[in-house]
Amino acid sequence: MKSGTLKQILLLTDGCSNKGEDPSAVAAIASQQGITVNVIGILDDDQSESPDGLQEVEDIALSGGGVSQIVYSENLSQTVQMVTRQAMTQTLQGFVNKELRQILGDQQSMEDLDPEKRGEIMEVVEDLGETSDLEVVVLVDTSASMRDKLQTVKEALMDLSISLNSRVGRNRFCIYSFPGKRKEIDLILDWSPKLDSISSVFPKLSSGGITPTGPAIRAAMYQFSKKNLLRSLRHEDEYGIEESGY
């Protein structure tokens with residue numbers, strides 16, 4: 001059983017979106033295209049909880065088929081790793097349930113199986129979580145209120161890279177920030193198997209402006225298709241060179 005490549009958007013934000021389309025609606029479109037949207041809401045250690053902000057974090061993840069978590073800045077590193085792994089397991093469980101329905105019919109899912117069989121299937125899910133390829137678009141809110149949290153975000157993403165590099169499957173990351181200066185999102189780090197190079201990039205990030213979360217998620221979705229297109233073009237170029245004998 002092979003799940004192919006797991007695709008995730010990891011959204012790091014601390015507030016309500018205030019421009020553009022509904023981020024939950026965009027997250028639902030991403031989910032339909034096989035992209036899981038996970039959301040981590042980052043609060044200041046002395047910040048009172050905002051009901052609107054918390055609800056939006058939950059709604060985006062629910063619509064995007066992903067995991068949401070509210071966290072205070074000091075606990076961010078551990079949370080980023082946990083949410084990413086939870087989302088992988090959740091995505092794979094959905095895949096396994098789909099496979100089971102094809103085998104057993106629509107009337108039975110993994111929850112309907114006896115505990116022993118369910119345990120065997122969960123072992124398969126855990127194995128797939130280690131061996132499947134993973135592509136993550138990290139989407140960082142750099143609006144004005146995130147100014148004091150960006151260093152913590154950088155450290156959390158470095159920890160995530162170290163953690164996931166222990167997997168058997170291949171990892172690919174890219175990082176975008178929003179709001180962008182001229183577009184919805186700005187490229188911080190292009191597709192890479194490791195996030196080590198962000199240590200030189202992150203200090204250059206500036207914060208400020210509004211929070212157009214919906215348009216940012218839509219722009220992040222495009223990065224997966226753009227990556228596949230570039231891979232396809234490279235393959236065609238290599239094939240053309242071989243055919244010409246050069």
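Residues are numbered from 1 along each chain as its sequence is written, and side-chain values use heavy atoms, with hydrogens and water left out. Because the model is predicted, local features need pLDDT of at least 70 and side-chain atom pairs count only at pLDDT 80 or more, while totals for chains, interfaces and linings use all residues.

**Exercise 1. Place T211 in the fold, and find which side chain it meets in a polar contact.**

Step 1. T211 sits in the loop between α6 (198–201) and α7 (213–244), where helices (H or I, at least four residues) and strands (E, at least two) are DSSP runs numbered from the N terminus.

Step 2. Its relative accessibility is 7%, so T211 counts as buried; buried means under 20% relative accessible area, exposed over 50%, and partly exposed in between (1.4 Å probe, protein chains only).

Step 3. Setting aside residues up to four places away in sequence, T211 touches T13, C16, S17, N18, K19, D141, S143 and F178, contact being heavy atoms within 4.5 Å.

Step 4. The side chain of T211 is joined to that of S143 by a polar contact of 3.5 Å. Such a contact is a pair of N or O atoms within 3.5 Å; within protein, one must be able to donate a hydrogen and the other to accept it, and residues adjacent in sequence count only if both atoms are side-chain atoms.

**Exercise 2. Describe the surroundings of S143.**

Step 1. S143 belongs to the loop between β4 (133–141) and α5 (150–164), and with a relative accessible area of 2% it is buried.

Step 2. Beyond residues up to four places away in sequence, S143 touches D14, F178, P179, S207, G208, G209, I210 and T211.

Step 3. For one of these, G208, the C-alpha atom is separated from that of S143 by 4.4 Å, although the two residues are 65 residues apart along the chain.

**Exercise 3. How many salt bridges does the structure hold, and which parts does each tie together?**

Step 1. There are three salt bridges, each defined as a side-chain nitrogen of Lys or Arg within 4 Å of a carboxyl oxygen of Asp or Glu.

Step 2. K149 and D14 meet at 2.8 Å, N to O. Since K149 lies in the loop between β4 and α5 and D14 in the loop between β1 (5–13) and α1 (23–32), this pair ties together parts that are 135 residues apart in sequence; both residues are buried.

Step 3. E21 and R218 meet at 3.0 Å, N to O. E21 is in the loop between β1 and α1 and R218 in helix α7, so the pair links parts 197 residues apart in sequence. E21 is partly exposed at 34%, and R218 is partly exposed at 37%.

Step 4. In the salt bridge of D133 with R170, the closest N and O atoms are 3.1 Å apart. D133 lies in strand β4 and R170 in the loop between α5 and β5 (171–178), so the pair ties together parts 37 residues apart in sequence. D133 is buried at 18%, whereas R170, at 52%, counts as exposed.

**Exercise 4. Which residues have the most contacts inside the largest nonpolar core?**

Step 1. A nonpolar core is a set of buried Ala, Val, Leu, Ile, Met, Phe, Trp, Tyr and Cys residues joined through side-chain atoms within 4.5 Å.

Step 2. The largest has 32 residues, and those with the most contacts inside it are L12, I40, L76, V80, V153 and L157.

Step 3. Apart from this core lies another of 24 residues, among them A30, Y176, I217 and M221.
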